[in-house]
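Notebook, one sitting with a single model.

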Amino acid sequence: MPSLKYSIRKRYKFSNGYFKSREVFGMKYLIVVAHPDDEVLGAGATMYKLAQEGHSVNVCILSGEVHARNYRPTTDELNEDVNSSLNILGVDQVIKGDFPNIEFNIVPHLKLVQFIEKAIVETNAQVIFTHHPADLNNDHLHTSLACQAAVRLFQRRAGATPLKELLFMEVPSATEWALNKSMNQFSPNTFVEVGEEAVDKKIEALAQYRGVMRDYPHPRSKEVLKGLAAYRGGQAGMIYAEAFESVFRRGF
Ligand SMILES: [Zn+2]
């Protein structure tokens with residue numbers, strides 16, 4: 001991860017709903033995903049690690065509003081799940097859209113791009129994580145395509161924060177089901193050592209989302225998530241890691 005020291009305001013939300021600000025130093029990260037829980041599956045341990053180090057970690061969920069999701073029981077429950085999950089990881093800000101679940105293919109590309117651009121501006125994001133475009137899930141594909149367009153904002157608009165890096169994530173239960181072999185598969189080239197505590201926090205954060213965790217051998221079981229982190233760590237000589245595919249990097 002590139003590092004750059006400067007001062008930002010970091011907000012902490014406590015379980016009683018109050019926010020507290022304090023000065024921190026670090027980079028500004030934005031994770032752009034289609035659905036609530038994708039951010040935890042793809043980068044939860046890295047998000048926890050970065051927040052612990054004092055960086056600003058922000059999340060943009062395109063289909064984050066309840067009315068866009070037909071299987072979620074109530075607004076309060078989904079909002080509670082998102083808040084308690086992202087509080088565990090130390091996320092600063094969550095930006096939620098109301099794009100319809102599993103229907104991103106009929107949403108105008110420009111609408112998705114503009115929403116992500118607004119999130120980039122609001123968070124001054126420098127490093128952005130999003131879905132891999134060969135992911136089986138159709139919303140993930142469209143999120144990735146829109147995000148790839150949106151991250152060039154600094155080249156189109158004066159004053160926009162320049163992008164330092166764009167990375168694709170792997171989302172267990174979706175990315176490995178990349179059946180269309182005419183598309184490039186997820187090919188990790190960036191490994192973030194997170195350690196066991198961050199993997200456990202990732203699993204704890206994911207468990208805040210009702211109905212997401214499954215029993216082993218489902219890819220969203222704690223055994224598979226921990227095993228994947230061990231395997232990705234082993235690929236790079238690290239104690240547990242999350243793997244990413246860096247597709248754009250500017251400077252060091
Ligand atoms: Zn998803």
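This is a predicted model: local features need pLDDT of at least 70, side-chain atom pairs count only at pLDDT 80 or more; totals for chains, interfaces and linings use all residues.

Entry 1. Is Y240 buried or exposed? I count 23 other C-beta atoms within 10 Å of Y240, and since the cut-off for buried is 20 or more, Y240 is buried. Its phi is positive, about 60°, although Y240 is not a glycine. I located Y240 in the loop between α7 and β9.

Entry 2. I looked up I102, which is also not a glycine and has a positive phi near 60°. I102 sits in the loop between β5 and α3 (109-123). I found 14 C-beta neighbours inside 10 Å, so I102 counts as partly exposed.

Entry 3. I checked omega and noted a cis peptide bond between Y216 and P217, with omega about 15°. P217 belongs to the loop between α6 and α7 (222-236).

Entry 4. I turned to the sheet. In what order do the strands of the open sheet run? I read β5-β4-β3-β6-β7-β9-β8, 7 strands with mixed pairing. The twist from one strand to the next averages 25°.

Entry 5. I went through the pairs around β3. Strand β3 (residues 28-33) pairs with β6 (residues 127-131) in the parallel sense over 3 bridges, and L30 is opposite I128 of β6. Helix α4 (residues 138-150) packs on the sheet and touches β3, β6 and β7, at about 150° to the direction of β6. With β4, strand β3 pairs in the parallel sense over 6 bridges; K28 has S56 in β4 as its bridge partner. I also placed α1, which lies across β3, β4, β6, β7 (165-169), β8 and β9 (241-249) and runs at about 170° to β3.

Entry 6. How many residues of β4 are buried? I get 6 of the 6, so β4 is largely enclosed by the rest of the structure. In a regular strand, side chains alternate between the two faces of the sheet. In β4, S56, N58 and C60 point one way, V57, V59 and I61 point the other way, and all are buried.

Entry 7. I tested the length of helix α2 (residues 75-89). For 15 residues at 1.5 Å a residue, the span should be 21 Å, and the end C-alpha atoms are 21 Å apart, which agrees. The buried residues of α2 are D81, V82, S85, L86, I88 and L89. Their arc around the axis is only 150°, which puts them on the same side of α2. I recalled that an α-helix has 3.6 residues a turn, so residues three or four places apart point the same way. The face turned away from the buried side of α2 carries the exposed residues T75 and D76. I listed what covers the buried residues, and the list includes α1 (38-52), β4 (56-61), β5 (93-96) and α6 (195-207). After α2 comes G90, with a positive phi near 85°.

Entry 8. Which members of the largest nonpolar core touch the most other members? Of 64 residues, I get L30, I31, V32, M47, I116 and I128. Helix α1 supplies the largest share of this core, 8 residues. I followed I116 and, leaving out residues up to four places away in sequence, found that I116 touches V32, C60, A146, C147 and A150.

Technical notes
Residues are numbered from 1 along each chain as its sequence is written. Helices (H or I, at least four residues) and strands (E, at least two) are DSSP runs, numbered from the N terminus. The expected span of a helix is 1.5 Å times one less than its number of residues. A residue is buried if 20 or more other C-beta atoms lie within 10 Å of its own, exposed if 12 or fewer, and partly exposed in between; C-beta atoms are placed from the backbone. The arc is that of the directions from the helix axis to the C-beta atoms. Two residues are in contact if their C-beta atoms, placed from the backbone, lie within 7 Å. A nonpolar core is a set of buried Ala, Val, Leu, Ile, Met, Phe, Trp, Tyr and Cys residues joined through C-beta atoms within 7 Å. Two strands pair if DSSP finds at least two bridges between them. Axes are lines fitted to C-alpha atoms, for helices over the stretch in contact, and angles run from 0 to 180 degrees between N-to-C directions.
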